[in-house]
Amino acid sequence: MRKDELIKAIADSANLQNAEASRALDAVVEIISDGLSKGDKVQIAGLGTFEARPRNAREGRNPQTGETIQIAATTVPGFKAAKQLKDRVAG
């Protein structure tokens, strides 16, 4: 599902105009992104938990040259699905 399809589904489900649904979706994405950038966990009951996870520095390889390179430590976004979501997807 693409963003425009998601916006249409939100609009239909919540009886909103597409523009209102788009602003609501953009606000949710912005709030989750801001929370993660601050190192907060964002928990949505029935959906799951978004969190910033540290990734250690590691050794990698340049696929073009085969040269070994150092990949710096960083923080990446992560998502853990709630049990309700897992059960629904599993059928």
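## Salt bridges and surroundings in a predicted model

A search of the whole structure finds seven salt bridges. A salt bridge here is a side-chain nitrogen of Lys or Arg within 4 Å of a carboxyl oxygen of Asp or Glu. This is a predicted model: local features need pLDDT of at least 70, side-chain atom pairs count only at pLDDT 80 or more, and totals for chains, interfaces and linings use all residues. Residues are numbered from 1 along each chain as its sequence is written, and side-chain values use heavy atoms, with hydrogens and water left out.

**Figure 1. Overall layout of the protein.** The protein has three helices and five strands. Their order from the N terminus is α-α-β-β-β-β-β-α. Helices (H or I, at least four residues) and strands (E, at least two) are DSSP runs, numbered from the N terminus. The C-alpha atoms fill a box of roughly 55 × 30 × 30 Å along the principal axes. The radius of gyration is 18 Å, whereas a compact globule of 91 residues would have one near 12 Å. That radius is taken over C-alpha atoms, and the globule rule is 2.2 Å times the number of residues to the power 0.38.

Figure 2. Buried residues make up 14% of the 91 residues. Buried means under 20% relative accessible area, exposed over 50%, and partly exposed in between (1.4 Å probe, protein chains only). The accessible surface comes to about 7,200 Å², with 52% of it belonging to carbon and sulfur atoms. These areas come from the Shrake-Rupley method with a 1.4 Å probe; for residues, only the protein chains shown count as cover. The 14 positive and 12 negative charges have mean positions 6 Å apart. Lys and Arg count as positive and Asp and Glu as negative; His and the chain ends are not counted. Each charge is placed at NZ of Lys, CZ of Arg, CG of Asp or CD of Glu.

Figure 3. Arg2, Asp4 and Glu5 are linked in a network of salt bridges. Within it, the closest N and O atoms of glutamate 5 and arginine 2 are 3.7 Å apart. Glutamate 5 is partly exposed at 37% relative accessible area, and arginine 2 is exposed at 52%. Another salt bridge joins lysine 8 to aspartate 12 (3.1 Å, N to O). Both residues lie in helix H1 (residues 3-14), four residues apart, about one turn of the helix. Lysine 8 is partly exposed at 42%; aspartate 12 is exposed at 52%.

Figure 4. Glutamate 51 pairs with lysine 41, their closest N and O atoms being 3.8 Å apart. This pair links distant parts of the chain, ten residues apart: glutamate 51 is in strand S2, and lysine 41 is in the loop between helix H2 (18-37) and strand S1 (42-44). Lysine 41 is exposed, with a relative accessible area of 56%.

**Figure 5. Phenylalanine 50 and its contacts.** Phenylalanine 50 sits in strand S2 (residues 48-55). Leaving out residues up to four places away in sequence, phenylalanine 50 touches Ile32, Leu36, Asp40, Lys41, Val42, Ile44, Gly78 and Phe79. Contact means heavy atoms within 4.5 Å. Phenylalanine 50 and aspartate 40 are ten residues apart in sequence and 8.7 Å apart in space, C-alpha to C-alpha.

**Figure 6. Helix H3 and the residue after it.** Helix H3 spans residues 83-90. Of its eight residues, the number buried is zero, so the helix lies largely in the open. Just after H3, glycine 91 takes a positive phi of about 100°.
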